Amino acid sequence: MKKILFGIMTTFLMVLIIGCSEQEEASSEASNEEASKDQTITFGVTPWTSTVPPTKVAGLILEDMGYTVEETKSNVGGVFMGLSRGDVDVFMDSWFPMHKVHMDKFGDKLERTAVSYPKAETGWVVPAYMEDVNSVSDLKGMEDQFGNKMYGIEKGASATKESEEMIKAYGLDMKQVNSSEGGMMAQAIRMMNQEKPVVFFGWRPHTMFNKYDLKVLENDKGFFAPSSVEVVTNRKLSEKAPEAYEFLSNWSISIDDVEQMIVEIEEEGRDPEEVAQEWIDNHQEKVNEMIPK
């Protein structure tokens with residue numbers, strides 16, 4: 001009888017120990033999960049209009065997941081430098097192959113985490129009223145009609161370097177005039193309103209294609225290939241905030257949706273976060289597909 005009682009007590013104690021162990025393990029996992037969300041995710045934000053909508057949408061979703069979100073504004077070179085140092089965790093608007101130069105420089109500390117949209121058009125653009133100009137080679141011999149100027153974005157941008165290389169490759173007697181995206185567009189709009197010849201740097205997604213009848217000039221020397229727009233993260237983000245990393249790994253959004261949000265922010269003067277929240281509310285099924293289960 002004593003042996004039977006001893007056996008029952010031993011079994012009971014074993015069950016109790018195993019139960020406590022499982023509870024401690026579950027508690028520890030929950031604690032680690034909460035700790036991983038007790039993190040600040042810092043987004044790099046360039047002055048480009050295309051950076052704002054995906055950054056706001058992703059930021060609001062991460063806040064809903066329990067993370068604190070901050071934004072650091074800089075030019076693209078500064079954003080990649082911040083990513084390499086860990087000051088910035090994620091950049092939602094990396095253009096490849098254009099930004100390959102930054103990956104070559106900092107690639108061991110960065111990761112190409114997701115593709116937002118695979119074929120974004122970039123290049124030199126002219127208004128459609130310039131019927132005789134359809135390719136970069138068409139500009140040769142008529143540079144003076146453009147005041148020997150091509151208008152580009154800020155000097156540190158990869159697109160600026162590629163435009164300089166294209167001017168040399170085609171032997172164009174033109175000088176690139178650089179400024180911010182807003183400055184470049186203001187100059188282009190002034191000239192288009194007078195139907196004067198103008199050539200400038202363009203890309204999608206951007207409201208320029210919604211507001212004006214533009215055409216991207218063809219070139220046969222391989223410049224400005226269609227870009228893959230991707231999410232780039234600091235390589236340590238997967239350890240720092242695994243659920244945030246998994247969400248960003250699942251990220252995708254259509255170029256048309258981003259362009260529509262840019263229109264609402266830039267043209268209608270709506271608050272970027274309000275526009276982003278509206279997109280989330282209207283695309284909950286897609287959002288659920290991106291959030292880790």
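Trainee: How many aromatic pairs does the structure hold?

Mentor: The structure, a predicted model, holds four aromatic pairs. Rings of Phe, Tyr and Trp (its six-membered ring) pair if their centres lie within 6.5 Å; planes under 30 degrees apart count as stacked, over 60 as edge-to-face and the rest as tilted.

Trainee: How is a pair described?

Mentor: A pair of aromatic rings is described by the distance of the centres and the angle of the planes. For Phe-80 and Phe-91 the centres are 5.9 Å apart and the planes at 80 degrees, so this pair is edge-to-face. It links distant parts of the chain, 11 residues apart: Phe-80 is in helix H3 (residues 76–85) and Phe-91 in strand S3 (residues 90–96). Helices (H or I, at least four residues) and strands (E, at least two) are DSSP runs, numbered from the N terminus.

Trainee: Are Phe-80 and Phe-91 buried or exposed?

Mentor: Buried means under 20% relative accessible area, exposed over 50%, partly exposed in between (1.4 Å probe, protein chains only). Phe-80 has 0% and is buried; Phe-91 is also buried, at 0%.

Trainee: Which residues form an aromatic cluster?

Mentor: One cluster consists of Phe-201, Trp-203 and Phe-224.

Trainee: What is Ser-163 in contact with?

Mentor: Contact means heavy atoms within 4.5 Å. Beyond its neighbours within four places in sequence, Ser-163 touches Trp-124, Met-150, Gln-176 and Phe-224. Ser-163 is in helix H5 (residues 158–169) and counts as buried, at 1% relative accessibility.

Trainee: What conventions apply?

Mentor: Residues are numbered from 1 along each chain as its sequence is written, and side-chain values use heavy atoms, leaving out hydrogens and water. Local features need pLDDT of at least 70, and side-chain atom pairs count only at pLDDT 80 or more, while totals for chains, interfaces and linings use all residues.
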